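Here's a quick briefing to read alongside the model.

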Amino acid sequence: MKTKSFLAFVAPSVATMLLLIALPLVGVAYLSLHQSHVKTELVELTTEVPLIGGVTRKQTRVVPQSVLGEDGKPIQVWEFVGGRNLEKAAELNNLAKAFASPRGDPGEKTYLARLYREVTNYDFWSALEFTLLYTFLTTPAILVVGLALALAVNSVSKRLRGTLVFATLLPMIVTPVVSSLAIYWLFLDNAIITNFIEYLGLGKFYFLADKFTIRTLIILYGVWFAAPFAFIILYAGLQTMPRDPLESAMIDGANKWQRLRYVIVPHLTPLLTVITLIHVMDAYRVFEPILVFNADIFANSVQYLTYYTLAFENNIHKAAAYSILTIAGVILILVPVLRKSFREYRIST
Amino acid sequence: MRSRSSLFAQSLTGTGLTAWVAIAVFPFFWMFLISFRAPVDAFSSTPTFFAPMTLENFRHIWIEDGFWRFGINTAIVTLSTIAISLTIGCLAGYALARYRGSLGFWLLVGALVFRALPHVVLLTAYKPTFYELGIWSRYETLIIVLVAINQPFTIWMLRAFFVSIPRELDEAAMTDGCSRWKAFRLVIVPVMWPGIITAGLFSFLLAYNDFLIASQLMNGEMTTMTASLGNYMGQNKSMERLMHGIAGAVSVTIPIIVLIFIFQRQIVAGMTAGAVKG
């Protein structure tokens with residue numbers, strides 16, 4: 001295909017991406033470097049205050065009022081503040097303080113524990129902490145669960161497989177807000193699972209009011225939600241598995257575990273890498289369970305923190321600063337992938 | 001010896017799969033079941049399988065809370081998003097599959113980076129800009145935003161499908177005198193339908209499942225079904241309102257279940273095309 005017709009074919013798609021993804025990124029950078037407020041002025045306001053009967057007294061007060069522009073709208077003042085928003089969003093001051101204050105011997109275990117506790121007190125760092133925890137706990141879990149499911153489904157009769165795939169697709173395809181709600185409604189204080197645990201005599205659990213249980217619940221939700229994705233891809237990978245190596249391994253006397261370890265897993269390795277990449281990108285933006293479980297006190301995520309700042313605090317500049325920090329994280333995650341694909345591309349040309 | 005260990009393995013597989021199906025399905029099953037109940041029965045201290053059934057929750061949310069309006073909004077937004085995103089995505093995916101220059105590589109890398117971005121980053125920029133431009137809370141705005149967010153994934157997937165169609169097909173058409181555009185439209189698109197349907201399904205899911213963007217860009221009556229569920233969340237809601245929310249969630253789930261029933265094969269094919277071939 002000629003470059004000219006290539007450009008013509010990709011133009012509409014590229015145009016929408018430039019206009020609504022690339023340009024907004026520039027906008028976010030701009031917002032994060034500025035502060036804005038409504039311009040106000042002090043106005044002397046004279047009102048008549050009633051005293052007794054019909055007698056009134058004039059009272060003059062000085063009140064701040066927004067200045068209206070020629071179009072009748074309040075004037076917004078924009079001010080360049082450089083890295084100040086970012087500094088505040090990352091709470092660099094507090095971080096520096098936490099690191100500077102003496103706490104006995106730096107080699108001590110409690111020193112690190114205390115430092116960790118202090119740093120994760122700050123909004124952004126606590127959100128980042130749980131986001132990373134979620135990402136690094138769910139990733140190996142979905143690989144293991146997905147592989148186990150793929151092997152299991154592969155070993156049952158063809159007639160059953162369709163039903164199994166259908167059931168497995170549910171957690172992954174159903175609207176994430178709805179699937180989070182479906183889990184949430186099981187674990188409310190008077191919901192079925194909570195009541196059932198109490199009925200078994202294991203005590204009353206308040207799953208949604210405790211840091212440990214709510215975090216566990218969100219991470220289990222993450223596995224439940226994403227393992228089907230790993231399953232589908234690994235299951236497809238098993239279908240393309242050549243029979244010869246497996247048969248020769250069996251002739252050589254390899255047991256089930258050895259066949260899995262030395263024949264099947266190496267065959268699936270490229271797929272395991274792809275799943276890891278895609279899941280890490282998705283886990284980094286975990287949002288719905290935090291929103292639905294009202295979990296942000298105990299378990300926040302960078303995307304929810306930014307959403308909250310934008311939607312409820314209405315602070316676009318702070319939200320933009322969080323966004324910039326979020327993008328930095330995305331780039332850090334993608335660097336190894338981009339480097340690898342770039343190297344491969346260079347070799348192929 | 002051998003048969004005993006394989007019997008053990010078989011029963012282990014059977015138990016594991018049964019447990020998994022239960023875990024995968026139960027939350028939805030229970031949600032469907034209690035959506036037909038009064039609050040007392042839905043959250044009773046001794047959970048029961050059989051309880052009086054009622055359609056009250058559905059009646060209330062669909063008629064009194066105006067859920068039907070959000071249903072119409074969802075239909076307008078998702079269908080338009082699918083149509084536009086498939087049209088421009090097919091053009092780009094086809095070009096990416098046939099072009100050999102380095103521009104194609106850079107476009108795909110750029111799309112990968114865009115795909116990894118949390119959507120709230122974009123929302124931060126949309127909020128003040130759209131407000132200033134006066135295009136807040138309009139179908140067109142939400143549709144074009146969803147199309148753009150969809151594009152990175154769509155062009156990757158469609159490219160994977162187009163690559164699997166042999167080059168000889170369009171080259172033959174072009175030596176017979178077709179232009180590139182005609183070859184694409186008359187020769188390639190007709191054999192691409194399975195791929196287009198699959199990509200359309202994923203466009204649907206992205207637009208339909210979106211909560212973040214719709215809940216912020218659309219207000220009041222303009223919102224979508226998924227985003228409207230936000231009205232029923234939160235801890236300080238009455239039990240009745242919670243039950244209406246459950247009926248709403250069930251209503252949102254039904255189209256998706258129908259979709260999986262009809263298109264299970266295409267969904268599986270789409271996921272594997274994106275990962276295995278891409």
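**Helix pair in chain A**

α1(A) passes α14(A) in a left-handed crossing (left-handed if the near helix is turned anticlockwise from the far one by less than a right angle, right-handed if clockwise). This is a predicted model, where local features need pLDDT of at least 70 and side-chain atom pairs count only at 80 or more, while totals for chains, interfaces and linings use all residues. Residues are numbered from 1 along each chain as its sequence is written, and chains are lettered from A and ligands numbered from 1 in the order written.

- The axes of α1 (residues 3-32) and α14 (residues 316-348) of chain A come within 8 Å and cross at roughly 120°.
- That angle makes α1(A) oblique to α14(A) (under 35 degrees is roughly parallel, over 145 roughly antiparallel, 65 to 115 roughly perpendicular, and the rest oblique).
- On the α1(A) side, the contact uses A:V28, A:A29, A:L31 and A:S32, and α14(A) brings A:I316, A:H317, A:A320, A:A321, A:S323 and A:I324 (contact: C-beta atoms, placed from the backbone, within 7 Å).

**Build of chain B**

- Chain B has 12 helices and 0 strands (DSSP runs: H or I of at least four residues for helices, E of at least two for strands).
- The C-alpha atoms of chain B fill a box of roughly 75 × 75 × 30 Å along the principal axes.
- Of the 278 residues of chain B, 45% count as buried (20 or more other C-beta atoms within 10 Å of a residue's own).
- Among chain B contacts with a separation of 6 or more, 74% come from residues 24 or more positions apart.

Definitions and conventions. Axes are lines fitted to C-alpha atoms, for helices over the stretch in contact, and angles run from 0 to 180 degrees between N-to-C directions. Two residues are in contact if their C-beta atoms, placed from the backbone, lie within 7 Å. A residue is buried if 20 or more other C-beta atoms lie within 10 Å of its own, exposed if 12 or fewer, and partly exposed in between; C-beta atoms are placed from the backbone.
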